[in-house]
Amino acid sequence: MSHRDLPRHALWITIYLFFILGPLFVLLIGAMPPARDFATEFSVALGYSGLAMMGLQFGLTARFRHVTQPLGEDVIYHFHRRISLIAVTLVFVHPLILLVAGSEAMRLPDSLMELPLGAVFAGISICSLLLLVVTALWRTRLKIRYEVWHASHIVLALLAIGAGLFHMIAWGFYLDNPWKRAFWIGVVALWIALLLYVRVFKPLFMLRRPYRIAEVRKERGETTTLVMRPEGHAGLRFQPGQFGWLTLWGSPFKITGHPFSFSSSAQADDGRVEMSIRRLGDFTDAVQSVAPGQRVYLDGPYGSFTVRDSTAVKVMIAGGIGITPMMSIIRTLADRGDKRRLILIYGNKDWDSVSFREELEVLQGRTQLTVVHVLSRPHEGWTGESGYIDAALLKRHLPEGYADHEYFICGPGIMMDAIEAALGEMDVPLSRYHSERYSFV
């Protein structure tokens with residue numbers, strides 16, 4: 001994060017806090033109900049805050065470019081995951097405090113049929129949240145398909161927030177005032193509108209701007225490149241290193257899109273875009289069966305993983321399919337005739353799995369590009385770097401003045417954590433490197 005980005009970051013953080021705390025402070029305006037003990041009032045404040053945070057998640061995932069561009073959509077999504085856990089914790093702590101304090105509201109009636117309506121809605125909301133957290137954290141262990149999880153995630157979130165609102169209204173302690181109740185209903189309507197924007201209005205726009213698969217190209221490392229051309233429109237313009245959401249089968253109203261980096265040059269004047277996808281799961285396994293002529297839809301571009309106009313040495317560190325945004329950057333600079341110095345440190349399992357291996361050799365002749373291959377399972381006779389990328393390896397291949405270079409890191413999470421730690425050892429400030437964590441789940 002550069003100093004010029006600080007004002008925008010601060011602005012969006014302030015707006016976020018306003019939408020989180022604003023609805024809570026509105027309850028304190030005007031006539032107030034009789035004061036209660038501290039534990040009760042504190043637990044209620046946590047409940048309201050947790051619900052406001054949960055509702056605003058629809059805004060975080062709505063893909064507004066003015067929101068995602070300053071920080072990057074990968075940062076927004078990872079923030080969404082972590083803030084969701086905080087929101088759920090606040091909601092769960094709310095009844096626990098009341099239970100420990102011995103509140104009358106937590107006393108169970110003799111019959112379940114006598115449960116207050118507010119308690120019923122509270123139970124529905126909490127159970128929905130529990131299922132939402134369990135399926136989100138342990139989706140892979142539970143072997144839930146991504147598409148099934150995504151649909152259930154949205155349904156459970158709507159159920160949890162809707163039941164939470166009805167719980168508040170049914171309890172009615174702070175919402176007995178009609179205008180306060182109307183205000184909170186309006187806030188929830190805003191949350192629903194954000195969801196409708198993503199699931200209805202944006203797909204309608206995409207429906208009018210389809211793409212066709214022009215070519216399906218096999219690459220090394222079980223990677224398939226989809227070449228897509230716009231149909232009936234000029235196409236999108238992206239910056240090298242950005243990504244888009246791809247709907248490969250079905251209409252853009254399909255509940256699940258998949259994020260992939262653009263791997264093509266951003267200089268194409270015919271609107272053509274490419275995405276290179278490696279076999280890593282259910283969806284990606286089926287990509288190789290895509291046939292030319294198939295209609296697809298793209299939502300983008302997104303991301304801030306782009307080259308800035310500076311004379312700094314550009315150091316790209318990729319692992320596996322993390323090479324795709326780097327290829328877009330290198331191809332674009334080559335097409336522009338840009339001669340700034342580029343260093344690519346590219347980690348793979350073995351020599352045969354190095355995607356774009358031959359093209360990278362050609363690109364070294366068109367740019368000031370140096371490629372350093374690192375193999376974790378080198379073949380006999382390999383004389384290049386082997387093992388894993390660490391601080392010592394970086395120092396062997398980077399020019400002095402490590403803190404002055406601009407770094408781009410993309411690959412498996414474990415690799416990226418190790419590289420960020422290595423850059424820390426080299427006294428490279430956070431403002432000098434960009435990380436693209438392409439898993440949003």
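Which strands does helix α12 lie across, and at what angle to β11 does this helix run? Select residues 413-425: helix α12 lies across β7 (314-319), β11 and β12, running at about 160° to β11. Contact here means heavy atoms within 4.5 Å. Helices (H or I, at least four residues) and strands (E, at least two) are DSSP runs, numbered from the N terminus. Axes are lines fitted to C-alpha atoms, for helices over the stretch in contact, and angles run from 0 to 180 degrees between N-to-C directions.

This is a predicted model, in which local features need pLDDT of at least 70 and side-chain atom pairs count only at pLDDT 80 or more, while totals for chains, interfaces and linings use all residues. Residues are numbered from 1 along each chain as its sequence is written, and side-chain values use heavy atoms, without hydrogens or water.

Next, show the parallel sheet. Its 6 strands form an open sheet in the order β10-β9-β8-β7-β11-β12; two strands pair if DSSP finds at least two bridges between them. At the edges, β10 (385-386) and β12 (433-436) each pair on one side only. Select 406-410 for β11, which is joined to β12 by 4 bridges; isoleucine 409 stands opposite serine 435 in β12. Then pick helix α10 (residues 357-366), which packs on this sheet, touches β8 (341-348) and β9 (368-375), and makes about 150° with the direction of β9.

Move to the antiparallel sheet, open and with 6 strands ordered β4-β3-β6-β1-β2-β5. Here β4 (258-261) and β5 (273-278) are the edges; each has a single partner strand, so one side of each lacks a neighbour in the sheet. Finally, select 211-219 and 295-302: 2 bridges join these strands, β1 and β6, and tyrosine 211 has valine 296 as its bridge partner in β6.
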